[in-house]
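Dear colleague,

I am handing over the structure below, and after it I set out what was found. Please read the notes alongside the model.

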Amino acid sequence: MITLLASLASVGTSIWLVWGLVGLIGGFMTGRFKGDGSGFTLLAVIIGIAGGVGAGALFAALAGVDDRMQYASLIASVAGAALLLWILWLCVRRPRTDD
């Protein structure tokens with residue numbers, strides 16, 4: 001556990017910001033796609049940032065930190081944000097009515 005936290009401490013600030021930006025963009029796009037104006041966009045942005053930063057940090061902690069792994073952690077960040085946003089979309093979607 002301590003080695004995982006130590007490896008996260010060596011990750012630069014810029015990669016944390018990139019992970020957050022990935023989640024922010026994904027959340028904003030998801031919120032605008034849904035577009036019902038009920039505050040879903042803000043919730044999607046928060047969930048997207050959490051997914052992006054969480055997945056990127058988890059990948060960096062497990063795989064280590066070097067130049068190649070930072071690029072791979074970016075891919076993990078995209079996947080983590082997309083997964084959490086997809087789960088959010090499944091939770092809040094409304095059933096279709098055939099009226």
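Helices (H or I, at least four residues) and strands (E, at least two) are taken here as DSSP runs, numbered from the N terminus. On that basis the protein chain has four helices and zero strands, and from the N terminus on its elements run α-α-α-α.

Please keep in mind that this is a predicted model, in which local features need pLDDT of at least 70 and side-chain atom pairs count only at pLDDT 80 or more, while totals for chains, interfaces and linings use all residues. Residues are numbered from 1 along each chain as its sequence is written, and side-chain values use heavy atoms, with hydrogens and water left out.

Of the 99 residues in the protein chain, 29% are buried (under 20% relative accessible area, with exposed meaning over 50% and partly exposed in between, for a 1.4 Å probe and protein chains only). The largest nonpolar core consists of five residues, Val11, Ile15, Trp19, Ala57 and Ala60; such a core is a set of buried Ala, Val, Leu, Ile, Met, Phe, Trp, Tyr and Cys residues joined through side-chain atoms within 4.5 Å. Helices α2 (13-34) and α3 (40-63) each supply at least two residues of this core.

The axes of α2 and α3 come within 7 Å and cross at roughly 145 degrees, where axes are lines fitted to C-alpha atoms, for helices over the stretch in contact, and angles run from 0 to 180 degrees between N-to-C directions. By class, this contact has 11 nonpolar, nine polar and two charged residues (nonpolar being Ala, Val, Leu, Ile, Met, Phe, Trp, Tyr, Cys and Pro, charged being Asp, Glu, Lys and Arg, and polar the others, Gly among them).

Helix α3 also packs against α4 (residues 67-92), at an angle of about 140 degrees and with the axes 7 Å apart. The residues of the contact of α3 with α4 divide into 16 nonpolar, seven polar and no charged.

Thr30 is buried, with a relative accessible area of 19%. Leaving aside residues up to four places away in sequence, Thr30 touches Phe40, Ala44 and Leu85, contact meaning heavy atoms within 4.5 Å. A polar atom of the Thr30 side chain lies 2.8 Å from the backbone oxygen of Gly26.

Finally, among contacts in the protein chain with a separation of 6 or more, 70% are between residues 24 or more positions apart.

With best wishes

How values were computed
A polar contact is a pair of N or O atoms within 3.5 Å; within protein, one must be able to donate a hydrogen and the other to accept it, and residues adjacent in sequence count only if both atoms are side-chain atoms.
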